[in-house]
Amino acid sequence: MANRITIDPITRIEGHLRIDVEVENNAVSNAWASCTMWRGIEKILRGRDPRDAWLFTQRFCGVCTTVHAMASVRSVEDALKLEVPPNAQYIRNLILIAHALHDHIVHFYQLSALDWVDVLQIPKADPAKTAALGESLSAWTGNSRMTMKAAQDKVKAVAASGQLGIFANGYWGHPAMRLSPEVNLLAFSHYLQALEYQRKALQVVAMLGSKTPHIQNLNVGGVANAIDLDGTSALGMDKLEMIKVLLDDVTRFVQQVYFVDVCAVAAMYPEWFKIGSGVKNYMAVPDLPLDSKGTAYDLPGGYIRHGDIGNVRGFQTAADPVFRQAVTEDVTHAYYQGGKPLQPWSGETEPQFTGWDGAQKYSWVKAPRFDNEPMQVGPLAQVLIGYAQGHELTCKYTNMTIEKVWSIGGLQVTPDMLHSTLGRHAARAIRACMLAELAQKHWQLLVDNIARGDYSVHNAPALPNSETEGVGTHEAPRGTLSHWVVIRDQKIKNYQAVVPSTWNASPRDSAGALGPYEASLLHTPLARPEEPLEVLRTVHSFDPCMACACHAFDPSGKRIAQVKVL
Amino acid sequence: MKRILVAGIGSVLLGDDGVGPYLVRMLQANYVFDEGVEIEDLGTPALDLIDHIAGLDALIVVDAVANGAAPGTITLYRKQDLTRCTPAVRLDPHSPALADALWAAEFYGGCPQEVLLVGVSGESYEGGCALSKPVQGSVERAIQEVLRELDRLGIGFIRRFEESETQIWWESPLAVAR
């Protein structure tokens with residue numbers, strides 16, 4: 001007899017991920033992912049000037065502001081067949097990279113590390129042994145005994161006060177927590193240090209975008225940064241040098257700390273290379289364009305079906321003809337009216353709320369499909385697709401991961417094992433290393449191009465009266481993002497955003513195929529069903545973000561996620 | 001010099017949730033403040049809110065609240081009201097997080113001593129870029145609450161002789177980016 005467990009953060013009025021799992025013999029036998037809020041934000045864009053759309057779309061979400069701005073200008077540029085000057089491409093690329101590095105660091109340390117690290121074991125650690133362990137793993141200078149001792153003292157103070165504060169929500173002492181006190185302390189001290197480095201990455205976004213959280217420097221056709229090598233207010237050598245220093249710091253943290261910690265966690269939880277696979281269809285779009293026309297990219301795209309890595313197909317461009325044709329959205333199990341799947345350009349968002357019913361409609365998220373199949377998106381998709389195509393940078397860091405996990409834990413990782421919860425974490429660290437290296441490259445490309453005397457940053461758009469449509473994509477931290485715009489009479493006629501978390505949090509479709517979160521949870525063993533830490537580990541490995549939503553503060557105190565065992 | 005942030009929080013695309021960003025623009029257009037005071041529209045931040053609040057002497061947040069009071073009601077919350085409940089297990093760890101950011105800043109160090117949330121009860125959070133009538137009608141009162149708090153903190157401000165242009169760009173129908 002199966003028990004159903006609902007994990008539903010009931011804290012806020014909307015915008016939540018809810019997970020329902022059925023548990024049989026202490027393993028997940030069925031799963032449903034749902035989002036509890038209707039957004040319908042896209043309707044606001046109808047009738048507006050397409051050149052303004054990015055200002056609105058970057059307000060979709062408080063976490064992924066820049067990515068929605070970028071996809072939006074790209075969609076209009078695609079519709080207008082407008083080229084973007086090289087300087088503007090490099091500046092945009094640097095912003096996207098810096099944002100992604102910030103996002104990946106925050107995700108691993110602040111948002112998911114404590115699924116694996118037991119904070120309450122830290123007081124038992126020996127700081128000297130911890131420092132020695134840290135120094136044996138990495139050249140990082142922040143692994144001294146003093147640093148470890150300071151981190152441990154912070155935890156001891158909190159534990160002694162009896163007020164766990166930000167740590168009140170952890171499943172401490174759970175049987176699935178298995179790191180030694182020293183490894184827990186090492187990771188935790190990096191958790192504290194990570195704050196500073198994610199902030200440095202964000203400073204790069206602010207310096208180029210002139211402001212965070214909402215950047216101000218975009219334009220359809222380029223960017224608004226004035227380039228003046230000797231000036232101080234415009235983008236000059238002073239500012240570029242400061243950006244370089246910040247990028248160097250972040251690069252060191254990513255390569256010497258984040259990457260190493262992920263390898264260490266992987267080596268010590270090897271069973272999680274066998275849990276959490278689910279949908280083995282993967283998709284990524286090419287990104288970091290290297291020229292004005294968008295014919296060459298630093299990150300490859302494509303798709304893989306049914307885990308068949310040998311049969312990877314590449315996308316040639318960021319808005320590849322195959323991608324444009326193959327994406328549809330299915331509303332069979334989503335709270336919307338409608339029949340057969342529609343392409344985003346003709347997409348509709350007419351709500352039809354019926355209440356949660358796992359057999360019928362149960363989510364506000366539509367089910368995006370690629371050629372009628374669910375796709376997993378995100379760093380794992382990016383890495384598998386790059387690796388399968390022999391992409392040099394992807395192969396370099398994937399092989400480094402395999403070597404590092406072997407050297408730490410004597411565990412032989414094969415690419416096949418990456419279809420897993422740990423695979424998603426490893427892939428995110430691989431991608432962060434790649435992006436850190438590419439940040440250096442694109443900084444140099446920008447500096448060299450300016451040195452050649454090219455100061456141009458913008459091509460003015462001309463809006464036609466006839467109807468035209470475009471798609472703008474971005475391979476964002478959580479995966480493939482696409483904005484779809486239809487323009488008529490110089491105004492927006494229709495606008496749809498297909499965001500990474502809707503690919504991954506997708507409900508079932510008309511054929512009954514589960515979405516990636518749902519499928520990844522099947523067969524997961526649960527040591528204590530009433531404390532479903534294992535479910536959190538897998539869901540968090542996707543880096544879910546449903547924050548594209550309203551968030552009026554709820555002071556009522558209903559802040560505890562509800563874990564209901566039915 | 002005291003470091004103080006007045007932050008408007010909320011989504012300008014979701015009706016009354018936009019009251020925070022709306023209000024900070026009104027403040028910017030109509031008042032001049034002592035040095036050390038930043039007035040910011042932070043949109044819908046998640047834990048990155050920590051970066052904005054760490055090291056401040058005082059934080060004043062304006063946000064919509066879902067407290068069941070009549071639309072347009074203003075309720076003031078202090079730090080202890082906001083951190084009364086401990087953080088939740090989070091499925092979606094990016095969910096916006098005022099209380100969580102305060103908890104985190106408390107732990108990392110640098111949490112402001114003085115925190116005030118000026119909460120405006122909303123009527124509608126449906127997609128749309130306009131405030132409801134009751135919330136629109138409460139904006140001036142909410143501004144006065146912010147000013148009263150600044151005054152209490154010993155911060156000087158004057159009303160501008162001439163209102164500078166208020167840029168509520170999301171309410172403008174066309175061509176705002178140029």
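Visitor: Which handedness does the crossing of helix 10 and helix 11 of chain A have?

Guide: A crossing is left-handed if the near helix is turned anticlockwise from the far one by less than a right angle, and right-handed if clockwise; in this predicted model, the crossing of helix 10 of chain A and helix 11 of chain A is right-handed. Local features here need pLDDT of at least 70, side-chain atom pairs count only at pLDDT 80 or more, and totals for chains, interfaces and linings use all residues. Residues are numbered from 1 along each chain as its sequence is written, while chains are lettered from A and ligands numbered from 1 in the order in which they are written.

Visitor: At what angle do helix 10 and helix 11 of chain A pack?

Guide: Axes are lines fitted to C-alpha atoms, for helices over the stretch in contact, and angles run from 0 to 180 degrees between N-to-C directions. Helix 10 (residues 392-409) of chain A packs against helix 11 (residues 421-451) of chain A at about 130°, the axes being 9 Å apart.

Visitor: Where is A:D543, and is this residue buried or exposed?

Guide: A residue is buried if 20 or more other C-beta atoms, placed from the backbone, lie within 10 Å of its own, exposed if 12 or fewer, and partly exposed in between. A:D543 lies in the loop between helix 14 (533-541) and strand 16 (562-565) of chain A, helices (H or I, at least four residues) and strands (E, at least two) being DSSP runs numbered from the N terminus; with 28 other C-beta atoms within 10 Å, A:D543 is buried, whereas A:N25, with 8 within 10 Å, is exposed.
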